[in-house]
Amino acid sequence: MEARDATAGAFVRREGDDQTAKDQHKAPKREQTPTRSKMEQIFGFKKEDLTSWHSFVALLNRPTDPASLGIFRCLFGLLMVIDITQERGLSNLDYKYLDGAPVCRFPLFNFLQPLPLDWMYLVYVVMFLGASGIMLGCFYRLSCLMFLSTYWYIFFLDKTAWNNHSYLYGLIGFQLTLMDGNRYWSIDGLRRPSIRNAHVPLWNYTLLRAQIFIVYFIAGVKKLDADWVEGYSMSYLAHHWLFDPFKLILPVELVSLLVVHGGGLILDLTAGYLLFFDVTRPYAFFFVSYFHCMNSQLFSIGMFPYAMLATSPLFCYPDWPRNFFAHFPSFLRPVLPLTSPGSQPSPSCVYEEIQGSGTQQRQTPAAAKSSKLRLKHKLGAIFTVLYLMEQFFLPYSHFITQGYNNWTNGLYGYSWDMMVHSRSHQHVKITYKDRKTGETGYLNPGVFTQSRRWKDHGDMLKQYATCLHQYLPRYNISDPEIYFDIWVSINERFQQRIFDPRVDIVSAEWSPFKPNKWLMPLLVDLSPWRPKFQEIEGSLDNQTEIVFIADFPGLHLENFVSEDLGNTSIQVLQGQVNVEIVEEKKNYTLQPGEQIKVAAGAYHKVYTVSEGPSCYMYVYVNTTEAALQKNFTKLYEIQERVRNGTETEPLPPELQPLMAADDDEGSEVNATDPIVRLFLKRQRRMKEVKKRREAGMLERLQRFAVKKYYTIRRGILMTAIAMRNLAVGLPPLEQLTREVAYANMKEPQAEASQDERLKDEVGHAEL
């Protein structure tokens with residue numbers, strides 16, 4: 001093998017000759033391999049390997065140790081087995097695919113529809129068996145095809161679940177299908193000794209390493225976006241407890257700018273290069289591992305952090321598992337991977353005919369029959385080149401799929417555009433109008449669907465409107481037109497419309513290859529207002545809230561001020577608006593710097609009458625929340641006086657529950673005053689959150705294991721019920737009800753509710 005102190009390339013290397021290197025080390029000095037060039041030391045190949053197609057194909061098919069590929073295959077299969085029950089949704093499949101229920105779905109291709117529920121469980125069983133076969137290396141090709149076909153079917157079936165890491169899993173599954181991943185630590189190797197511990201061609205490693213490099217590097221290039229560099233994309237992350245150590249030396253604003261955004265940018269741009277070289281690889285392992293461990297706590301992204309951790313060893317020397325497992329006790333050797341050096345020849349590789357130097361020359365085993373390029377070798381090289389070209393091209397191919405460009409760079413799922421855009425929605429209104437009767441009304445946003453992503457994507461909005469047009473006639477709305485008024489803020493800009501509210505989306509044209517005509521442009525010219533937003537928000541007290549609005553000429557915002565919001569005012573920042581008070585039937589024209597108060601519990605309309613966009617802000621106080629907090633403060637003071645024994649006056653009956661034990665849940669039930677009941681409930685919740693955060697490692701692991709147990713348990717039991725239904729038919733309804741109730745058994749309700757509250761507290765946005 002190559003000298004270990006050399007800086008080794010991660011994409012291509014001379015890594016198939018371990019025993020040869022050892023033999024040469026024992027041989028006389030004159031028989032050792034000549035000194036390698038600087039390029040070969042750094043990249044693992046010579047310049048001559050790139051001078052002709054023949055030498056390039058031979059390079060990509062160079063014999064390489066299968067150990068690292070085999071371990072990655074096993075880890076990837078294991079992670080996919082876990083992922084199927086969680087992020088792929090096996091444990092809640094019956095909630096996702098509701099048989100017979102009116103549900104609007106968002107497949108990539110409209111002709112794709114889910115199978116009946118029991119058959120969908122069968123699809124997941126096939127995918128599960130495929131992932132298990134990949135993990136064990138059992139009937140490897142068949143297992144890969146089983147996993148791949150069902151995985152992409154489910155992936156294409158629901159665009160609302162698309163994300164970069166789900167796309168990555170499908171790509172890796174596709175690559176493994178074409179690779180010799182079952183040559184090491186596999187059941188196939190036990191069944192077929194001819195492939196056990198056999199060399200694999202170098203392009204197997206090249207493809208995987210290059211794929212991971214693309215994931216990191218393109219994600220870094222996408223983060224060169226001005227919003228990320230200026231710290232607007234993920235500013236909320238700096239408030240997470242994981243960044244508390246950084247906040248000891250830096251203010252939150254600098255933690256967001258330097259650590260979250262600056263650190264993320266630098267790591268993504270450099271991780272692939274640092275993993276590439278021997279000298280920098282240990283440092284890359286540390287930072288990449290730290291980064292993915294943080295992501296596992298920051299985001300609900302399933303197995304992605306662990307999958308990326310599993311890819312890091314691919315950049316090491318391919319024989320690292322042999323050295324690693326050689327340190328284990330000898331009694332474990334029968335179940336551990338092979339640790340003996342060297343691999344047997346494989347027809348998938350191209351061997352050098354003659355190796356050695358001087359007068360003594362030595363032939364590699366089976367070299368004579370495997371030294372010529374075959375069709376499979378050329379096809380492997382062609383596939384590698386074309387695949388990598390396609391992967392570098394796709395993230396920038398959105399000039400083709402123009403219908404998907406809704407304030408982002410095309411389809412999110414294949415862009416490696418990770419975390420660059422954060423959104424907040426202030427106002428969503430769906431209006432229907434019956435063409436025959438003229439009746440107009442409003443729909444609850446999200447009716448007939450469980451997804452939230454339709455609000456941000458024109459293709460999904462078109463699918464949703466078409467679906468509503470099909471279902472509303474069931475409710476005596478015979479021929480509805482559907483209008484959407486959706487207000488979105490991207491990366492802390494003004495709240496503005498994303499789609500034209502005057503366009504009937506049912507009849508509107510949409511094509512993936514044409515620009516979306518009813519998409520409103522992002523008001524990027526107003527981006528410089530963001531520092532001003534922070535300045536204005538910093539000048540307000542804790543009870544005052546603010547919303548920044550931008551609107552287009554000729555449009556108006558109809559708004560209702562909740563009765564909870566007192567002292568609400570509209571102040572114009574730019575442009576000119578006309579405020580109509582609906583009940584008073586009065587109009588007020590406002591110029592920049594002017595403001596007007598609007599009454600609570602009433603409608604008003606804000607018309608943009610200037611030639612350009614108008615910008616204004618709502619300033620309001622949640623008077624109900626403020627009064628509640630004031631009452632809470634008084635109750636807390638009374639409770640403290642009772643605990644300290646300084647309360648001299650007897651408490652009235654409605655305050656008696658304050659004297660109960662802190663952990664007594666019955667005190668909430670016994671409280672007759674709703675304010676006292678809410679106060680006690682909030683106190684108990686805060687104590688639970690504190691207890692969970694201060695829990696030791698063992699308690700955290702136990703809680704994690706219990707949660708996963710009930711998740712996996714439900715998936716297994718519901719799958720068993722579905723397979724039984726397919727095999728022998730449906731049982732009586734009473735029996736089926738009992739079986740589903742048994743499968744739905746959960747951990748103690750207190751624990752479950754705590755999980756939900758903690759999830760809400762962290763406030764993870766949908767990315």
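Tutor: Here is a walk through selected salt bridges. This is a predicted model: local features need pLDDT of at least 70, side-chain atom pairs count only at pLDDT 80 or more, and totals for chains, interfaces and linings use all residues. Residues are numbered from 1 along each chain as its sequence is written, and side-chain values use heavy atoms, without hydrogens and water.

Side chains of opposite charge can pair when their charged atoms come close. Here a salt bridge is a side-chain nitrogen of Lys or Arg within 4 Å of a carboxyl oxygen of Asp or Glu. The count comes to 28.

Start with R435 and D479. Their side chains meet in a salt bridge, 3.0 Å from N to O. R435 lies in the loop between β5 (423–434) and β6 (440–443), and D479 in the loop between α19 (458–471) and β7 (480–490), so the pair ties together parts 44 residues apart in sequence. Helices (H or I, at least four residues) and strands (E, at least two) are DSSP runs, numbered from the N terminus. R435 also forms a salt bridge with E481, at 3.2 Å from N to O. E481 sits in strand β7, 46 residues from R435. Shared partners join R435, D479, E481 and D504 into one network.

Now the exposure. Buried means under 20% relative accessible area, exposed over 50%, partly exposed in between (1.4 Å probe, protein chains only). R435 is partly exposed at 37%. D479 is partly exposed too, at 22%. E481 counts as buried, at 15%.
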